[in-house]
Amino acid sequence: MTYGVILAGGIGSRMGGDKPKQYLTIKDKPIIIYTIEKFFTVPDFEKIIVLCPKQWVEHTKNLIEKYIAPAQAKIAVIEGGETRNETIMNAIKFIEDEGNLDENTIIVTHDSVRPFVTHRIIHENIAACEKYGACDTVIPATDTIVESQDNKTINSIPDRSKMYQGQTPQSFKALRLKEVYNSLTEEEKTVLTDAAKILILKGDSVALVDGETFNIKLTHPHDLRVARTLLEDNNE
(Lines give C-alpha, C1' and ligand atoms only; values in the text may rest on other atoms or scores of the structure.)
Protein backbone atom coordinates (compact mmCIF):
# COMPACT_ATOMS: atom_id res chain seq x y z
CA MET A 1 0.00 0.00 0.00
CA THR A 2 1.01 3.59 -0.58
CA TYR A 3 0.39 6.44 1.85
CA GLY A 4 0.76 10.17 1.46
CA VAL A 5 2.37 11.78 4.51
CA ILE A 6 1.95 15.55 4.87
CA LEU A 7 4.39 17.03 7.38
CA ALA A 8 2.78 20.04 9.05
CA GLY A 9 4.63 20.08 12.35
CA GLY A 10 6.55 23.34 11.91
CA ILE A 11 5.70 26.55 13.75
CA GLY A 12 6.96 28.85 10.98
CA SER A 13 9.00 31.22 13.14
CA ARG A 14 10.75 32.72 10.10
CA MET A 15 7.42 33.77 8.64
CA GLY A 16 6.53 35.85 11.69
CA GLY A 17 3.19 36.06 13.47
CA ASP A 18 1.57 33.66 15.92
CA LYS A 19 0.14 31.20 13.40
CA PRO A 20 2.13 28.33 11.84
CA LYS A 21 2.84 29.18 8.22
CA GLN A 22 0.95 26.17 6.86
CA TYR A 23 -2.29 27.74 8.14
CA LEU A 24 -1.76 31.13 6.52
CA THR A 25 -4.26 31.95 3.81
CA ILE A 26 -3.48 32.65 0.16
CA LYS A 27 -6.40 33.60 -2.09
CA ASP A 28 -9.00 32.58 0.51
CA LYS A 29 -7.57 29.13 1.21
CA PRO A 30 -5.00 27.90 3.79
CA ILE A 31 -1.66 26.76 2.34
CA ILE A 32 -2.01 23.31 3.89
CA ILE A 33 -5.29 22.73 2.04
CA TYR A 34 -3.67 23.38 -1.35
CA THR A 35 -1.07 20.75 -0.48
CA ILE A 36 -3.54 18.16 0.79
CA GLU A 37 -5.66 18.64 -2.34
CA LYS A 38 -2.69 17.74 -4.56
CA PHE A 39 -2.30 14.43 -2.74
CA PHE A 40 -6.02 13.73 -2.44
CA THR A 41 -6.45 13.74 -6.21
CA VAL A 42 -3.80 11.00 -6.66
CA PRO A 43 -5.69 7.66 -6.66
CA ASP A 44 -2.59 5.64 -5.70
CA PHE A 45 -2.86 6.58 -2.04
CA GLU A 46 -4.61 4.29 0.40
CA LYS A 47 -4.80 7.20 2.83
CA ILE A 48 -3.28 10.61 3.39
CA ILE A 49 -1.84 11.18 6.87
CA VAL A 50 -1.49 14.79 7.99
CA LEU A 51 0.77 15.33 11.00
CA CYS A 52 0.64 18.59 12.92
CA PRO A 53 1.21 20.01 16.42
CA LYS A 54 -1.23 18.62 19.00
CA GLN A 55 -2.93 21.98 19.53
CA TRP A 56 -3.65 22.28 15.79
CA VAL A 57 -5.10 18.79 15.19
CA GLU A 58 -8.76 19.78 15.64
CA HIS A 59 -8.28 22.98 13.63
CA THR A 60 -6.77 20.97 10.79
CA LYS A 61 -9.66 18.52 10.86
CA ASN A 62 -12.08 21.43 10.69
CA LEU A 63 -10.26 22.90 7.69
CA ILE A 64 -10.43 19.57 5.87
CA GLU A 65 -14.15 19.30 6.64
CA LYS A 66 -14.68 22.81 5.29
CA TYR A 67 -12.60 22.61 2.11
CA ILE A 68 -12.41 18.88 1.30
CA ALA A 69 -15.53 17.50 3.00
CA PRO A 70 -15.89 14.31 0.90
CA ALA A 71 -12.27 13.40 1.66
CA GLN A 72 -12.56 12.87 5.39
CA ALA A 73 -12.53 9.07 5.24
CA LYS A 74 -9.33 9.13 3.20
CA ILE A 75 -7.49 11.70 5.33
CA ALA A 76 -6.25 11.10 8.89
CA VAL A 77 -4.97 13.96 11.04
CA ILE A 78 -2.68 12.96 13.88
CA GLU A 79 -0.12 14.53 16.19
CA GLY A 80 3.44 14.93 14.93
CA GLY A 81 6.64 14.36 16.87
CA GLU A 82 9.24 16.70 18.33
CA THR A 83 11.42 16.42 15.22
CA ARG A 84 10.76 15.89 11.53
CA ASN A 85 11.90 12.29 11.64
CA GLU A 86 9.93 11.49 14.79
CA THR A 87 6.91 12.89 12.98
CA ILE A 88 7.51 10.47 10.12
CA MET A 89 7.86 7.64 12.64
CA ASN A 90 4.44 8.61 14.05
CA ALA A 91 3.01 8.21 10.56
CA ILE A 92 4.61 4.77 10.22
CA LYS A 93 3.19 3.76 13.61
CA PHE A 94 -0.26 4.83 12.43
CA ILE A 95 0.13 2.60 9.35
CA GLU A 96 1.38 -0.27 11.51
CA ASP A 97 -1.58 0.12 13.90
CA GLU A 98 -3.87 -0.18 10.88
CA GLY A 99 -2.20 -3.49 10.07
CA ASN A 100 -0.77 -2.27 6.76
CA LEU A 101 2.97 -2.10 7.41
CA ASP A 102 5.04 -4.60 5.44
CA GLU A 103 8.10 -4.61 3.20
CA ASN A 104 6.11 -3.16 0.29
CA THR A 105 4.43 -0.28 2.13
CA ILE A 106 5.45 3.06 0.63
CA ILE A 107 5.23 6.50 2.23
CA VAL A 108 5.47 9.66 0.15
CA THR A 109 6.47 12.37 2.66
CA HIS A 110 5.96 16.02 1.76
CA ASP A 111 6.23 19.47 3.34
CA SER A 112 2.82 20.98 3.99
CA VAL A 113 4.19 24.34 2.82
CA ARG A 114 5.13 23.11 -0.67
CA PRO A 115 1.70 23.50 -2.29
CA PHE A 116 3.00 23.57 -5.88
CA VAL A 117 4.10 19.94 -6.05
CA THR A 118 2.88 18.35 -9.27
CA HIS A 119 1.16 15.05 -9.91
CA ARG A 120 4.11 14.14 -12.16
CA ILE A 121 6.51 14.51 -9.22
CA ILE A 122 4.27 12.45 -6.94
CA HIS A 123 3.83 9.64 -9.48
CA GLU A 124 7.56 9.52 -10.22
CA ASN A 125 8.28 9.34 -6.49
CA ILE A 126 6.03 6.32 -6.16
CA ALA A 127 7.59 4.61 -9.18
CA ALA A 128 11.17 5.30 -8.04
CA CYS A 129 10.43 4.09 -4.53
CA GLU A 130 8.92 0.87 -5.85
CA LYS A 131 12.07 0.30 -7.92
CA TYR A 132 14.83 1.52 -5.59
CA GLY A 133 13.32 1.52 -2.10
CA ALA A 134 13.83 5.25 -1.51
CA CYS A 135 14.01 8.48 -3.47
CA ASP A 136 14.44 12.21 -3.01
CA THR A 137 13.08 15.03 -5.18
CA VAL A 138 15.83 17.41 -6.34
CA ILE A 139 16.68 20.13 -8.83
CA PRO A 140 20.20 20.82 -10.17
CA ALA A 141 22.09 23.52 -8.28
CA THR A 142 22.20 26.69 -10.35
CA ASP A 143 24.48 28.67 -8.03
CA THR A 144 28.02 27.76 -7.06
CA ILE A 145 28.05 25.83 -3.77
CA VAL A 146 30.64 26.97 -1.23
CA GLU A 147 31.59 24.86 1.80
CA SER A 148 32.83 26.49 4.99
CA GLN A 149 33.59 24.47 8.11
CA ASP A 150 33.93 27.51 10.39
CA ASN A 151 31.32 29.70 8.68
CA LYS A 152 34.04 32.30 8.07
CA THR A 153 36.33 30.99 5.34
CA ILE A 154 35.94 28.70 2.32
CA ASN A 155 37.12 25.12 2.66
CA SER A 156 36.03 23.85 -0.74
CA ILE A 157 33.94 24.62 -3.79
CA PRO A 158 32.36 21.38 -5.02
CA ASP A 159 31.73 20.64 -8.68
CA ARG A 160 28.35 22.26 -9.28
CA SER A 161 27.42 19.71 -11.96
CA LYS A 162 27.22 17.09 -9.20
CA MET A 163 25.29 19.28 -6.74
CA TYR A 164 21.52 19.31 -6.30
CA GLN A 165 19.05 21.21 -4.15
CA GLY A 166 16.76 18.95 -2.16
CA GLN A 167 13.00 19.39 -2.21
CA THR A 168 10.16 17.11 -1.22
CA PRO A 169 8.53 14.64 -1.64
CA GLN A 170 10.93 12.11 -0.19
CA SER A 171 9.60 8.59 -0.49
CA PHE A 172 10.54 5.38 1.31
CA LYS A 173 9.71 1.78 1.90
CA ALA A 174 8.25 2.47 5.34
CA LEU A 175 9.33 -0.71 7.11
CA ARG A 176 12.96 -0.33 6.02
CA LEU A 177 13.00 3.32 7.11
CA LYS A 178 11.64 2.39 10.53
CA GLU A 179 14.17 -0.42 10.99
CA VAL A 180 17.13 1.77 10.05
CA TYR A 181 15.95 4.71 12.16
CA ASN A 182 15.57 2.48 15.21
CA SER A 183 19.11 1.14 14.66
CA LEU A 184 20.69 4.61 14.85
CA THR A 185 22.40 5.85 17.97
CA GLU A 186 21.14 9.02 19.66
CA GLU A 187 24.29 10.75 18.41
CA GLU A 188 23.53 9.71 14.82
CA LYS A 189 19.97 10.95 15.16
CA THR A 190 21.18 14.42 16.19
CA VAL A 191 22.97 14.95 12.84
CA LEU A 192 19.94 14.11 10.71
CA THR A 193 18.77 16.99 8.55
CA ASP A 194 16.12 15.03 6.69
CA ALA A 195 14.73 11.54 6.34
CA ALA A 196 16.89 10.53 3.36
CA LYS A 197 19.97 10.84 5.55
CA ILE A 198 18.61 8.07 7.78
CA LEU A 199 19.22 5.57 5.00
CA ILE A 200 22.39 7.19 3.67
CA LEU A 201 24.04 6.84 7.09
CA LYS A 202 23.63 3.08 6.78
CA GLY A 203 24.73 2.84 3.15
CA ASP A 204 21.33 2.48 1.49
CA SER A 205 20.85 4.00 -1.95
CA VAL A 206 18.43 6.89 -2.43
CA ALA A 207 17.39 7.58 -6.02
CA LEU A 208 16.85 11.04 -7.52
CA VAL A 209 13.54 12.31 -8.90
CA ASP A 210 13.43 15.52 -10.92
CA GLY A 211 11.68 18.34 -9.09
CA GLU A 212 10.57 21.73 -10.36
CA THR A 213 11.95 25.19 -9.67
CA PHE A 214 8.44 26.32 -8.71
CA ASN A 215 8.06 23.53 -6.14
CA ILE A 216 9.09 26.08 -3.53
CA LYS A 217 8.86 25.87 0.25
CA LEU A 218 6.97 28.83 1.68
CA THR A 219 9.31 29.96 4.45
CA HIS A 220 9.64 33.75 4.40
CA PRO A 221 7.07 36.55 3.90
CA HIS A 222 8.44 37.13 0.39
CA ASP A 223 7.50 33.55 -0.51
CA LEU A 224 3.83 34.35 0.06
CA ARG A 225 3.97 37.03 -2.62
CA VAL A 226 5.57 34.55 -5.01
CA ALA A 227 2.89 31.98 -4.15
CA ARG A 228 0.08 34.42 -4.92
CA THR A 229 1.63 35.09 -8.32
CA LEU A 230 1.95 31.38 -9.07
CA LEU A 231 -1.67 30.76 -8.09
CA GLU A 232 -2.84 33.60 -10.31
CA ASP A 233 -0.85 32.13 -13.21
CA ASN A 234 -2.40 28.71 -12.59
CA ASN A 235 -5.88 30.21 -12.72
CA GLU A 236 -5.39 31.86 -16.10
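## Basis of the model

Residues are numbered from 1 along each chain as its sequence is written, and side-chain values use heavy atoms, with hydrogens and water left out. The model is predicted, so local features need pLDDT of at least 70 and side-chain atom pairs count only at pLDDT 80 or more, while totals for chains, interfaces and linings use all residues.

## Overall form

The chain has eight helices and nine strands. Helices (H or I, at least four residues) and strands (E, at least two) are DSSP runs, numbered from the N terminus. Along its principal axes, the C-alpha trace spans about 50 × 45 × 30 Å. The radius of gyration is 18 Å, which agrees with the value near 18 Å for a compact globule of 236 residues. That radius is taken over C-alpha atoms, and the globule rule is 2.2 Å times the number of residues to the power 0.38.

Of the 236 residues, 47% are buried. Buried means under 20% relative accessible area, exposed over 50%, and partly exposed in between (1.4 Å probe, protein chains only). Contacts are heavy atoms within 4.5 Å. Among contacts with a separation of 6 or more, 73% join residues 24 or more positions apart.

## Surface and charge

The accessible surface comes to about 12,200 Å². Carbon and sulfur atoms hold 48% of that surface. Areas come from the Shrake-Rupley method with a 1.4 Å probe; for residues, only the protein chains shown count as cover.

The chain carries 28 positive and 35 negative side chains. The centres of the two sets lie 3 Å apart. Lys and Arg count as positive and Asp and Glu as negative; His and the chain ends are not counted. Each charge is placed at NZ of Lys, CZ of Arg, CG of Asp or CD of Glu.

Strand E1 covers residues 2-7, and six of its six residues are buried. Both faces are covered. Thr 2, Gly 4 and Ile 6 lie on one side, with Tyr 3, Val 5 and Leu 7 on the other. E1 runs parallel to strand E6 (residues 106-111), joined by six bridges. Strands count as paired if DSSP finds at least two bridges between them. Ile 6 has His 110 as its bridge partner in E6. E1 also pairs with strand E4 (residues 47-52), in the parallel sense, over five bridges. There, Gly 4 partners Ile 48, and Ile 6 stands opposite Val 50.

Six of the six residues of E4 are buried, so the strand is largely enclosed by the rest of the structure. Lys 47, Ile 49 and Leu 51 point one way; Ile 48, Val 50 and Cys 52 point the other way. E4 joins E5 through five bridges, and these two strands run parallel. Ile 75 lies in E5 (residues 75-79) and is the bridge partner of Ile 48. The C-alpha atoms of these two residues are separated by 4.8 Å, although they are 27 residues apart along the chain. Ile 75 is buried, at 9% relative accessible area. Beyond its neighbours within four places in sequence, Ile 75 contacts Ile 36, Lys 47, Ile 48, Val 50, Ile 64 and Ile 68.

Helix H1 spans residues 31-40. Seven of its 10 residues are buried, so H1 is largely enclosed by the rest of the structure. The buried residues are Ile 31, Ile 32, Ile 33, Tyr 34, Thr 35, Ile 36 and Phe 39.

Ile 122 lies in helix H4 (residues 119-132). Ile 122 is buried, with a relative accessible area of 0%. Leaving out residues up to four places away in sequence, Ile 122 touches Lys 38, Phe 39, Val 42, Phe 45 and Val 117. Phe 39 is 83 residues from Ile 122 in sequence, yet 8.1 Å away in space, C-alpha to C-alpha.

## Backbone details

The peptide bond from Thr 168 to Pro 169 is cis, with omega near 15°. Pro 169 is found in strand E8 (residues 164-173).

Asp 28 is not a glycine, but has a positive phi of about 70°. Asp 28 sits in the loop between strand E2 (25-26) and strand E3 (29-30), and is exposed at 68% relative accessible area. Asn 151 also has a positive phi, near 65°. Asn 151 lies in the loop between strand E7 (134-140) and E8, and is exposed at 71% relative accessibility.
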